[in-house]
Amino acid sequence: MTIKERDKRLKIIAIIATFGGLLFGFDTGVINGALPFMSMESQLNLNAFTEGIVSSSLILGAAFGAFFGGQLSDKYGRRKLILWLAIIFFFSTLGCALAPNVPVMVISRIILGLAVGGASVTVPTFLSEMSPKERRGRMVTQNELMIVTGQLLSYVSNAILGNTVADPGVWRIMLVLATLPAIVLWLGMLIVPESPRWYASKGKMGDALKVLKQIRDINQAKTELEEIQGNIQAEQNYDKASMKDLKKPWIKRVVIIGIGIGVVQQATGVNSIMYYGTEILRDAGLGTQAALIGNIANGIISVLATFVGIWLLGKVGRRPMLAVGLIGTTSALALIGLFSNLFAGATALPYIVLTLTVTFLAFQQGAISPVTWLMLAEIFPLRIRGLGFGVAVFFSWMTNFLISFSFPVLLSSFGLSITFFMFAIIGIFAITFVVKFLPETKGLSLEELEQRFRNYDKEEVGDIKEA
């Protein structure tokens with residue numbers, strides 16, 4: 001097989017697998033434009049409380065899907081789990097689109113969330129294990145691009161349907177569109193091989209080498225298989241990680257920092273904009289159709305900022321990049337709160353709010369989100385990497401759940417200005433956490449980071465950066 005053929009095969013594998021990311025983005029973003037129609041009396045007749053339940057139920061499912069997804073993929077295989085997730089995506093999406101009432105909708109979205117959460121951990125793992133080391137960063141971050149692309153596609157389709165279909169039941173069409181990429185994902189994964197790393201972990205070295213020969217030259221395939229075997233042997237020298245490991249002070253500190261990183265990403269309130277952007281613009285004074293169109297700007301900036309963020313990761317330290325991102329998002333939130341008060345009822349207010357949400361997302365997707373996932377992959381020592389990552393992502397999803405559930409209630413009870421001032425105050429605490437406790441990880445190997453955590457066991461975690 002020629003280099004060109006191997007590269008083409010790798011690209012096909014990446015495109016197919018990242019449809020899991022596309023579904024992640026589409027299913028979390030589509031609710032943004034569907035809620036105004038679902039809330040109509042002739043439809044599901046949602047109020048602020050039930051809006052929060054419907055929107056956040058997917059996130060609750062995703063928290064558990066992420067927590068258990070890694071364990072299931074370790075047991076049954078990355079490819080097989082993604083195939084199962086595609087089936088869950090398809091049927092739970094149908095359940096949402098056909099839901100006759102709120103309870104059915106909530107149950108369907110919780111099940112859909114299991115697939116979203118499972119995809120959030122399984123697809124990046126699969127990509128990292130299929131890619132050669134020199135292309136790993138590009139292939140794995142392609143999934144992040146597909147997530148924000150999925151959100152953008154949901155905003156665009158919502159705007160088109162919301163402005164062209166007069167039926168208030170148009171939200172069902174908005175939701176059911178997600179079955180199409182689910183079908184593509186399932187069909188595509190039928191022709192994609194299993195991860196060679198997973199085959200090797202099960203002792204199937206012949207199968208592992210066979211897959212590697214499809215995506216590497218022969219010498220590289222043999223060398224990589226030897227490295228995989230060496231890593232597996234090294235991992236066998238570690239006892240299986242458990243919650244008992246958290247009794248060790250240095251490990252406890254690492255896990256707390258990981259949880260903090262995951263919580264900080266969500267505590268900015270990013271998903272209040274990604275899930276309720278249309279509602280925010282309506283509250284600021286735009287009509288539903290105009291708000292649907294305006295919300296596309298949020299999707300566009302998310303995609304563009306992600307490209308910038310990936311570029312910045314190679315140029316700037318993790319800690320300053322995250323701090324600057326949080327300063328930017330907190331400032332944007334405070335300005336939304338301020339201008340919503342000063343210009344209440346003014347014609348210009350919706351456009352001011354839209355400009356500031358776009359600014360917010362530029363900092364969020366261009367700095368905070370890329371750093372978050374990279375640092376979570378870096379800080380945990382080998383012994384607890386799977387456990388620590390799972391715990392951190394679980395808390396991240398749960399923070400997302402609490403915010404997405406409470407946002408419409410806060411917006412209804414306190415209004416746009418006070419709600420965003422609340423998020424700005426949370427942002428100040430997030431900045432403090434980063435400045436005081438977060439270590440710098442850029443330029444350090446995973447082993448060096450682990451040793452520094454061990455050496456500074458009795459020091460403040462924030463001092464690690466000065467070592």
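Modeller: Start with exposure. Buried means under 20% relative accessible area, exposed means over 50%, and partly exposed lies in between. Keep in mind that this is a predicted model.

Colleague: Why is Asn-45 called partly exposed?

Modeller: Its relative accessible area is 47%. Asn-45 sits in the loop between helix 3 (31-38) and helix 4. Asn-45 also has a positive phi of about 55 degrees, although it is not a glycine.

Colleague: What makes the pair of Phe-49 and Phe-405 edge-to-face?

Modeller: Two values settle it. Ring centres must lie within 6.5 Å to pair, and planes over 60 degrees apart count as edge-to-face. The centres of Phe-49 and Phe-405 are 5.7 Å apart and their planes stand at 80 degrees, so the pair is edge-to-face.

Colleague: Which parts of the chain does the pair link?

Modeller: Distant ones. Phe-49 is in helix 4 (residues 48-76) and Phe-405 is in helix 19 (residues 385-437), 356 residues apart.

Colleague: Are Phe-49 and Phe-405 buried, partly exposed or exposed?

Modeller: Phe-49 has a relative accessible area of 47%, so Phe-49 is partly exposed.

Colleague: Why is the pair of Tyr-276 and Phe-407 called stacked?

Modeller: Planes under 30 degrees apart count as stacked. The planes of Tyr-276 and Phe-407 are at 25 degrees, with the centres 5.3 Å apart, so this pair is stacked. Tyr-276 lies in helix 14 (residues 270-284) and Phe-407 in helix 19, so the pair ties together parts 131 residues apart in sequence.

Colleague: How do you know whether Tyr-276 and Phe-407 are buried or exposed?

Modeller: Compare with the cut-off of under 20%. Tyr-276 has 1% relative accessibility, so Tyr-276 counts as buried. Phe-407 has 0%, so Phe-407 is buried as well.

Colleague: How many aromatic pairs are there by this rule?

Modeller: The count comes to 16. There is also an aromatic cluster formed by Phe-64, Phe-67, Phe-68, Phe-394 and Phe-395.

Colleague: What puts the buried residues of helix 11 on the same side?

Modeller: In helix 11 (residues 205-215), Ala-208, Val-211, Leu-212, Gln-214 and Ile-215 are buried. They cover an arc of only 155 degrees around the axis, which puts them on the same side of helix 11. The face turned away from that buried side carries the exposed residues Gly-206 and Lys-210.

Colleague: Which residues have the most contacts inside the largest nonpolar core?

Modeller: They are Met-38, Phe-89, Met-105 and Trp-397, in a core of 106 residues. Helix 6 (residues 102-130) gives the most to this core, with eleven residues. A second, separate core has 27 residues, including Val-255 and Phe-380.

Colleague: What does Phe-89 touch?

Modeller: Leaving out residues up to four places away in sequence, its contacts include Leu-23, Phe-24, Leu-112 and Val-116.

Colleague: And the protein as a whole?

Modeller: The protein has 20 helices and zero strands. Buried residues make up 54% of its 467 residues. Among contacts between residues at least 6 apart in sequence, 82% join residues at least 24 apart.

Methods. Residues numbered from 1 in each chain as written. Predicted model: local features only at pLDDT ≥ 70, side-chain atom pairs only at ≥ 80, totals over all residues. Heavy atoms only, no water. Helix = DSSP H or I, 4+ residues; strand = E, 2+ residues; numbered from the N terminus. Buried < 20%, exposed > 50% of the residue type's maximum accessible area, 1.4 Å probe, protein only. Contact = heavy atoms within 4.5 Å. Arc of directions from axis to C-beta. Core = buried A, V, L, I, M, F, W, Y, C linked by side-chain atoms within 4.5 Å. Phe/Tyr/Trp six-rings, centres within 6.5 Å; stacked < 30°, edge-to-face > 60°.
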